Amino acid sequence: MYFRYDINGLRALAVISVVIFHFNDHWLPGGFAGVDIFFVLSGFLMTSIIVKAVDTNSFSFANFYLSRFNRLVPALLFVCVALLVITSFFVLPLEFKDLGKHVLASMLFISNIIYFRESGYFDVDSAQKWLLHTWSLSVEWQFYLIYPILLLLLCKLLSRKYLPITLSILTAGFFIFSVMVTKRSPNEAYFMLQTRAWELMIGGIVFFCNYNLPERTRSFLYYVGLSLVLLSFFIFNKQTPWPGIYAFTPVFGTCLVLIANKQNLLFEKNAAIQALGQWSYSIYLWHWPVVVFMTYWGFKGGYILGIAVSIFLGYLSYKLIESQRHFKVDRISRLVFSKLSFVGLIVLLISFSSFRTQGFLFLHADKIQQLAAAKTDLNPRKKECFHLKSGSCKFGDDEPSFILLGDSHSLSVATALLEGTKKSFTYYGYGSCNTMFGEFTNLESPDCNVFNDRVYREIKSNNLPVIVVNSGAYPVGDAYMRHPDKFDIEPIVKFDKLGDYRTHYINRFSDSMCRLKHDREVYVFTPLPRMQSNVPDHMMKEYHRLGYVNEYTIQKQQYLDTHKIIFEAQEVAKRRCDIKLVDATQALCSEQFCFGSSEKFPLYSDTNHLTEHGAQKLIPIIRETIIL
């Protein structure tokens, strides 16, 4: 294929949009659509390579995969090596463990699957994942494994006339599937090949389109397509369900630009644009580690500098790695014994060792090992009992004496309840899912409504006491509601009705508690204090820097302010139907402070989940308040 300036221009546009979005999404709220542009371009180019090779009887699976290997692996491997070396000087052991896991996943091109599985409530923040952006490379590689086989079969079985028609039907099917999954499971839709395949395949359809169009028509298609792409960067944002139906806008726009095939416009021929297009893969690889690095060290602002550094590193990577022939393998037979494979094997072994040894934790000071242990001091039945869409778990050996409901915070206090009450109980828990009944929307756990309604049907036939433990300000975004200009986290609990959010939440919560109260006792925990940062990580960093740790605290008034709507709702429910409140502040706060640690040991495994050790602090108030 002859060099197409428009494709290189689209690459530049795509990478710059993604980079700007990741550094400051207020500047370009829909900049993530740049990845969708890359997918379309990749599908177009792969179809071109495969079909033209088939037409000349020169297609070879070995040569095809080798070319893809040479395109993706050297620069990616270089980034992984650099991250393993650089971060080893400053990251915490469990952070290095996560990096090792993600290097493995990225080099094996399964990182999209790993990040999808990690996208639950207990996962670390995305800004701590140095290789999060490699999910798209994994999607592409998985597509490369399957698509040539499919296309080769279609070429053998069908005439050229029916090939684009068949591809169009398959693409339409994958698109419809993507729209359905985006509504049902947004995280799965975002990360997985089956919901992204249509974006790559539609690029393949474009290859078969008629390019012998009048100049006026081509100009019209070009400007309409470019407008759709640019519009996508501004009208969509991170709350937009994606990919789904909305992704069709930038995808279709990219297709129109490709069909227009305009090569002589100023945008395409601009030297800076063409350079960015050439460097786009390396820029993409480096920009996210720069974002994580700046976040890790608390660099606020400095977005222009970060973008400039990303472009510079991308340029170096292109010049020193991508464009160098000695980093490429010319024959499959030489791949196993190549220098690249040797380095790759070393990287995989180091990454695997890091993952298996908790980030080489045994090499660190005893205090670091003790603090790190808090991150994994979780309920041992977490995998068995948490996030169950059906069924329940029983704690204790006797017949259940009460029922425990709630989100992840309920699981963190389950063992303390078992010890504090000396009674067995039935547990129902689902992540990020407030215990409320009726129509409302949970953006993080879309099955929350179904879960709550099912639980209510199962428990309404008995009169066992119910204990409810839910998270605080995070699900309802109380801080966001009061100061939306200062907080990035919007509520994940929303209501179908328009109007005052506070009124809707208080009414729905109190209605739900009163519904539970019928012929039974209902105990509701006040929200557990939420710390400002990950407690074990904060204390380990402090020990790294100072050689000692202080107690971790927040101002109690801050806790009261950020959970105001929760306290109001609980008080209304208490007045309406005489529920009993279990005041967690009696155990976790003083008059002035709320504590994230005790005796210089973390009470939390992150910002808001109590460790098993921390939950023991609640046992005295459980014994005092909960009468069964």
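Me: Which residues does L404 touch, leaving out residues up to four places away in sequence?

Reply: L404 touches S410, A414, L417, F425, T426, Y427, Y428, I467 and V469. Contact here means heavy atoms within 4.5 Å. The model is a predicted one, in which local features need pLDDT of at least 70, side-chain atom pairs count only at pLDDT 80 or more, and totals for chains, interfaces and linings use all residues. Residues are numbered from 1 along each chain as its sequence is written, and side-chain values use heavy atoms, with hydrogens and water left out.

Me: Why is L404 called buried?

Reply: Buried means under 20% relative accessible area, exposed means over 50%, and partly exposed lies in between (1.4 Å probe, protein chains only). L404 has a relative accessible area of 0%, and therefore counts as buried. Its place is in strand β2 (residues 402–406); strands are DSSP runs of E with at least two residues, helices are runs of H or I with at least four, and both are numbered from the N terminus.

Me: Why is F342 called exposed?

Reply: F342 has a relative accessible area of 54%, so it is classed as exposed. F342 is found in helix α15 (residues 339–356).

Me: What makes F342, V343, L345, I346, L349 and I350 a patch?

Reply: Patches are made of residues with over 30% relative accessible area and no salt bridge; nonpolar side chains (Val, Leu, Ile, Met, Phe, Trp, Tyr) are joined within 5 Å, and like charges within 9 Å. F342, V343, L345, I346, L349 and I350 form a nonpolar patch on the surface, with about 530 Å² of accessible area together. That area comes from the Shrake-Rupley method with a 1.4 Å probe, and for residues only the protein chains shown count as cover.

Me: How do you know that α11 is largely enclosed by the rest of the structure?

Reply: 10 of the 13 residues of α11 are buried, and therefore the helix is largely enclosed. Its buried residues, among them P250, V251 and G253, pack against α1 (5–23), α2 (34–55), α9 (193–207) and α10 (215–235).

Me: How does the span of α11 compare with the expected value?

Reply: The expected span is 1.5 Å times one less than the number of residues. Helix α11 (residues 248–260) reaches 18 Å from its first C-alpha to its last, close to the 18 Å expected.

Me: What makes E118 and K101 a salt bridge?

Reply: A salt bridge is a side-chain nitrogen of Lys or Arg within 4 Å of a carboxyl oxygen of Asp or Glu. The closest N and O atoms of E118 and K101 are 2.8 Å apart, and the pair forms a salt bridge. The pair links distant parts of the chain, with E118 in the loop between α5 (111–117) and α6 (135–157) and K101 in helix α4, 17 residues apart. At 12% relative accessibility E118 counts as buried, while K101, at 25%, counts as partly exposed.

Me: What makes K517, E521, D578 and K580 one network?

Reply: The side chains of K517 and E521 meet in a salt bridge at 3.5 Å, N to O. K580 forms a salt bridge with D578, the closest N and O atoms being 3.8 Å apart. Salt bridges that share partners join K517, E521, D578 and K580 into one network.
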